Amino acid sequence: MPAAKPSRGFYWNYGKRLFDLFFAVTGLLLLSPLFILIAVAIKIRSPGPVFYAQERVGKAGKAFRVLKFRSMVPGADRMGPEITSAGDSRVTPVGRYLRKWKLDELPQLWNVLKGEMSIVGPRPELPSYVRNYTPEQREVLSVRPGITDLATIQYRHEEQILASSNDVARFYAEVVLPHKLSLNRLYIEKLSLFLDVKLILQTLRVIPAAGAANKTAAHEGSSSGNSTPQQRENLHKTPR
């Protein structure tokens, strides 16, 4: 069944792509010195490539390779689960810092420039998860996936939340992912220039706070064998 299409307008048809191109080009130019520093740090501290590309599902179900700074040991995808939680031994020392501040996602500006992704939009998922989407959940494939969105803000402590569960893969598939997809559908319903700008500003505001809180959140999560009622309740709160 084809993905549902929200009402279209200038921003949907043209403006969002122009918005993406402007921020992708500007970001790649301004952040190029930071890219070099991160690349050097990765090469010095861990053998292997600087970048990591993984297959994800994009607009209209088309597969593409999402680009990240490598934050795990080479071959990590063959050494454990697809989902990463706090304390995962596959994450390198530099990778922990990159993940803490979401710097590993910056190379996705290249995906945006190529037209595979958008600055704001539903985060692209692995094919193994997309195969199990309901027809309603497949609505998220009607737009380009993004670097940030409502779910990214809501789940800025995702690795700590997952670490609180005894079965990370099941908890993600049955609890976290369905809620993420509901937030994605809400974003598509309300898609506008104003909302995109608002979400970018919210992302810039919450990432530093999330990075500073990661250590505390990880400690609290490790003290329990499973997710707490409060954590489950927080999963269903939509950020303002």
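**Close-up views of a predicted model**

At 15% relative accessibility, Asp 88 counts as buried (buried: under 20% relative accessible area, exposed: over 50%, partly exposed: in between; 1.4 Å probe, protein chains only). The model is predicted: local features need pLDDT of at least 70, side-chain atom pairs count only at pLDDT 80 or more, and totals for chains, interfaces and linings use all residues. Residues are numbered from 1 along each chain as its sequence is written, and side-chain values use heavy atoms, without hydrogens and water.

**View 1. Asp 88 and Arg 90 form a salt bridge.** The closest N and O atoms are 2.7 Å apart (salt bridge: a side-chain nitrogen of Lys or Arg within 4 Å of a carboxyl oxygen of Asp or Glu). Asp 88 sits in the loop between strand S2 (63-69) and helix H3 (93-100); helices (H or I, at least four residues) and strands (E, at least two) are DSSP runs, numbered from the N terminus. Arg 90 is buried, at 5% relative accessible area.

**View 2. Arg 99 and Glu 159 meet in a salt bridge of 2.5 Å, N to O.** Arg 99 belongs to helix H3 and Glu 159 to helix H7 (residues 158-163), so the pair ties together parts 60 residues apart in sequence. Arg 99 is buried at 17% relative accessibility, while Glu 159 is partly exposed at 23%.

**View 3. Glu 116 and Lys 114 are joined through their side chains by a salt bridge (3.4 Å, N to O).** Glu 116 is partly exposed, with a relative accessible area of 22%; Lys 114 is also partly exposed, with 47%.
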